[in-house]
Amino acid sequence: MANAFWCVVEDDRAGRPKKANAEVLGEAARLAAQTGGQAEAVWLTDKAEADGLGHLAEWGAERIWLLEAPGLAPYRGEVWTPVLAELAGKEQPKAILGAVTSRLRELMARLAARLGVGLSADSVAFDFREGTLVATRPVYAGKLLSKVSWAKAPWLATLRPNVFKPRDLLAGRAPVVERPAVTIPQPTMAFVERREEVSTGLPELTEAEIVVSGGRGLKGPENFVILEELAKVLGAAVGASRAAVDAGWRPHRFQIGQTGRTISPKLYMGFGISGAIQHLAGMRTSKIIVAVNKDPEAPIFKIADYGIVGDLFEIAPLLTQEFKRLLEK
Amino acid sequence: MKVLVPVKQVPDTATQVKIGGDPRAIDTTGITWIVSPYDEFAVEEALRIKEKRGTGEVVVVSLGPERVKEALRSCLAMGAERAVHVNEPAWESADTLTTARALAAVIKQEQPVIVLFGRQAIDDDMGAVGVQVAELLGWPCASWIMEAAISGDGTSVRVGRQVEGGLEVFELPLPCVLTAQKGLNEPRYPTLKGIMGAKKKEIKDVKAADLGLAADGAQLTVVTLEALPPRPPGRIIPGEAGEAVKELVRALREDAKAI
Ligand SMILES: Cc1cc2nc3c(=O)[nH]c(=O)nc-3n(C[C@H](O)[C@H](O)[C@H](O)COP(=O)(O)OP(=O)(O)OC[C@H]3O[C@@H](n4cnc5c(N)ncnc54)[C@H](O)[C@@H]3O)c2cc1C
C-alpha cells in the first residue's frame, strides 16, 4: 500500500517482538490515519514466534511483512539493508520507522543511504506541514529541538523508546501476513560470538519505565547496593553518571548521558548526581524527574519535578522502605 | 596500514547555544569549538593501530568552513600524519547523506584499509554518517565498537560491538568502516612537541569538483530550531527525611501517577 507507514520490527532475537514496537506502531497508525494510509510491520528474523505476529496485529499492524530466513541472524547491516530495500522498492511505503536500538539505528542509516533519502534519527515527535512529515529531534545535548523534513519519501526515522504512546490494544485480531520471497546476500562479516552481560535481574536501561541513577555522591562501588535495593522494589533499572563510571564503580553500559545511553523513562530518580549538562543530555526527556542531593544549588534541581535536599545514604533506604510498604499493600 | 578518520568540529557542550538570526541554525558568535568527543576515540584507535603495526599512516578528514582546520590541527597534534579539509561552501548545511557522499569520494581517492568514525557527533546526534559511508562504498561496517584487533596478516579485524544486553563479536574483512563507542580506549592529549609539529603538517583543501561531485541539495533539511518547552517548575519537598520521603512517595503515586 503506497500510503503505508512501516514499522521495522525489533525483536528479542528469540522470535518475540519487543514492546518498543507497540510505540512505533502506535505512532505509525496515528500518522497513517492522517494520510488515509495504514500501519504495517516488517519483520526480518530467522524465526518468528507465532504469538509475535499476534502481538504486532494487536499493536496496530494492519499487515505484517514477514521476511523469515536463517541468514538473517545474527543481524548484519550488509545483509538486512538490501533485503529491506528490495521490499521497499516494490511496495513503496510512505514512511519507514523503527525504534532506536543498536540494530535499527544502524540499519535505518544504511537503508537511507541505499534509497538516497533522508533519515531523522532519535525522533521524539512528528507532525505534518503542508502534507509533508516533520520530525522533532533533540540536538546540542538536548539543549534545542530541531524540526526536520524530507526532500522525498520514503520518510525514514528512528523513534526514541518510551516517548510515543502505543494505541489501545486491538485484541483478538487475526494478522494479515505476507511472506514475500527473500534473497539473502552472502555476508562478508563473520559472526564470532556473543558475550552476554552478567544479568542484574533488573530491566535493560533504555527500556525500563523507571530508572534509579547514582553519581559521585555514592562515594564508592559498594554503595550502589543501596540503589539496587530500591530498584528491585520498583522493577527499575540502575544507571550512573559518567563520574561514577569513570571511577570504575559501574561498567560503561550503565552510563546515562551524552557519551552514554539516552533514556526516557516514566520516572527518573537521581541520587548524588549534580546534573551536569552532559548528564541531562541523556535523561532530559524523562517524564518525571526526582533528585536527591545534599547541595540545594545542584543544577539537577532546576529540571527536577520533585527534589529532596538531603543525604542520599539516609533518603534512599527510607524510600525503599516506603515503596515496599506501599507496593506490598 | 592506512587508516582514515573523519572528524567533526562541534560546539563544546559546556557553551551556551542560541538560535541564530536564521532560525534553522545556531548563532556561532562566542562559541568554543572542539573535536566531537567520540571522534577522539576514533583518532586514538587509529594511532594505536599504526603504532602497534609499526608502520602506517593516519589521515584525518573534515567537512566544514575554514575554522574546522583547528579541529584537524588538534588531530595532527595527537599524531595523525596529514589532513584533508573538504572546504566546500555549498555544503555548509550538508545533511548526513551529502556528508557521507563527500567522505566516500575522499575515501575512494585515499584508499585506506580502515575508516574509523566516532559513533555520533554531539551536535546533531544523528549517528548516521559512518554507516552511510559504508553503504555507499559497499563495505562491511560495525558500529559502536568497544574493542578492535587486527589480524596478524592485516586482512581482517575482529571487533566487539555494543548491543542491548551484551557485546557481539564479528570478524570483518578489510577494508571496512567502524564507529567508536566510549570505552574503546582513552584518547591521549597532544604533547607540546605534537602541537609544534602539527603546524608543519599538511592540510589539503578540496572542493566538490575535486571529488568529482556536484554540490547537490540535502535530503533532510532543518525546518527550524526551537528552544525546549520549559518544564513545569519543580517542587523541593521540605521537612525532615522521614516526612519528606513519605510526601515524595505520596506525590509520585497520587499527583504524578508515576508509580
Ligand atoms: C565530553 C564530555 C562528555 C560527558 N558525558 C557525560 C555523560 O554521558 N554522562 C554524565 O553523567 N556525565 C558526562 N560528562 C561529565 C559531566 O560533565 C559531569 O562531570 C558528571 O556528570 C558529574 O557526575 P556526578 O554528578 O555524578 O558528579 P559530581 O559533579 O561530582 O556531583 C556529585 C553530586 O553528589 C552530591 N552529593 C555528594 N554526596 C552526597 C550525599 N551523601 N547525598 C546526596 N548528595 C550527595 C554533590 O552535592 C554533587 O552535586 C561528560 C563530560 C564531558 C566533558
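In this predicted model, 27 residues surround the ligand, and the closest of them are Arg216(A), Ser241(A), Thr259(A), Ser274(A) and Gln278(A). Because residues from chains A and B surround the ligand, the site is shared between chains.

**Polar contacts of the ligand**

- Arg216(A), which is among the residues closest to the ligand, places a polar side-chain atom 2.7 Å from an oxygen atom of the ligand.
- Gln258(A) takes part through its backbone, where a polar atom is 2.9 Å from an oxygen atom of the ligand.
- Leu312(A) also takes part through its backbone, with an N or O atom that lies 2.9 Å from a nitrogen atom of the ligand.

**The second largest pocket**

- The second largest pocket holds about 850 Å³ of space, and its lining is made up of 33 residues, of which Arg242(A), Thr259(A), Gln278(A), Pro37(B) and Lys182(B) lie nearest its centre.
- The elements that give two or more residues to this lining are α6 (242-246) and α7 (277-283) of chain A, together with β3 (33-35), α1 (37-53) and α2 (68-78) of chain B.
- Of these elements, α1(B) gives the most to the lining, with 3 residues.
- Sorted by class, the residues that line the second largest pocket are 12 nonpolar, 15 polar and 6 charged.
- Thr259(A) and Gln278(A) are named among the residues nearest the centre of this pocket, and Thr259(A) and Gln278(A) are also named among the residues closest to the ligand.

**Enclosed cavities**

- Rolling a probe the size of a water molecule over the atoms shows where empty space is left.
- In this model there are 2 cavities of 30 Å³ or more.
- The largest cavity has a volume of about 60 Å³, and the residues that line it include Leu67(A), Val83(A), Glu86(A), Pro180(A) and Thr183(A).
- Helix α3 (residues 77-91) of chain A gives the most to the lining of the largest cavity, with 4 residues, and the lining as a whole divides into 6 nonpolar, 1 polar and 2 charged residues.
- The second largest cavity holds about 40 Å³ of space, and its lining draws on chain A, with residues including Tyr140(A) and Gln258(A), and on chain B, with residues including Pro11(B), Asp12(B) and Ile122(B).
- By class, the lining of the second largest cavity has 5 nonpolar, 2 polar and 2 charged residues.

**Chain B as a whole**

- Chain B has 6 helices and 13 strands, and its C-alpha atoms fill a box of roughly 65 × 45 × 40 Å along the principal axes.
- Of the 259 residues in chain B, 54% count as buried.
- Among the contacts in chain B with a separation of 6 or more, 69% are between residues 24 or more positions apart.

- Val159(B) is placed in strand β8 (residues 156-163) of chain B, and Val159(B) counts as buried because its relative accessibility is 0%, under the cut-off of 20%.
- Leaving aside neighbours within four places in sequence, the residues in contact with Val159(B) include Ala142(B), Ile145(B), Val169(B), Phe170(B) and Leu178(B).
- Thr101(A) is found in the loop between β4 (95-99) and α4 (102-115) of chain A, and since its relative accessibility is 6%, Thr101(A) also counts as buried.
- Apart from neighbours within four places in sequence, Thr101(A) is in contact with Glu10(A) and, across to the other chain, with Glu164(B).

Note on methods
Residues numbered from 1 in each chain as written. Chains lettered and ligands numbered in written order. Predicted model: local features only at pLDDT ≥ 70, side-chain atom pairs only at ≥ 80, totals over all residues. Heavy atoms only, no water. 1 Å grid on protein atoms, 1.4 Å probe; cavity = no way out; pocket = protein on both sides within 12 Å on 5 of 7 lines; lining within 4 Å. Points joined across faces, edges and corners; volume = space filled by probe spheres on them. Nonpolar A, V, L, I, M, F, W, Y, C, P; charged D, E, K, R; others polar. Buried < 20%, exposed > 50% of the residue type's maximum accessible area, 1.4 Å probe, protein only. Contact = heavy atoms within 4.5 Å. Near = heavy atom within 4 Å. Polar contact = N/O pair within 3.5 Å; in protein donor to acceptor, adjacent residues only side chain to side chain.
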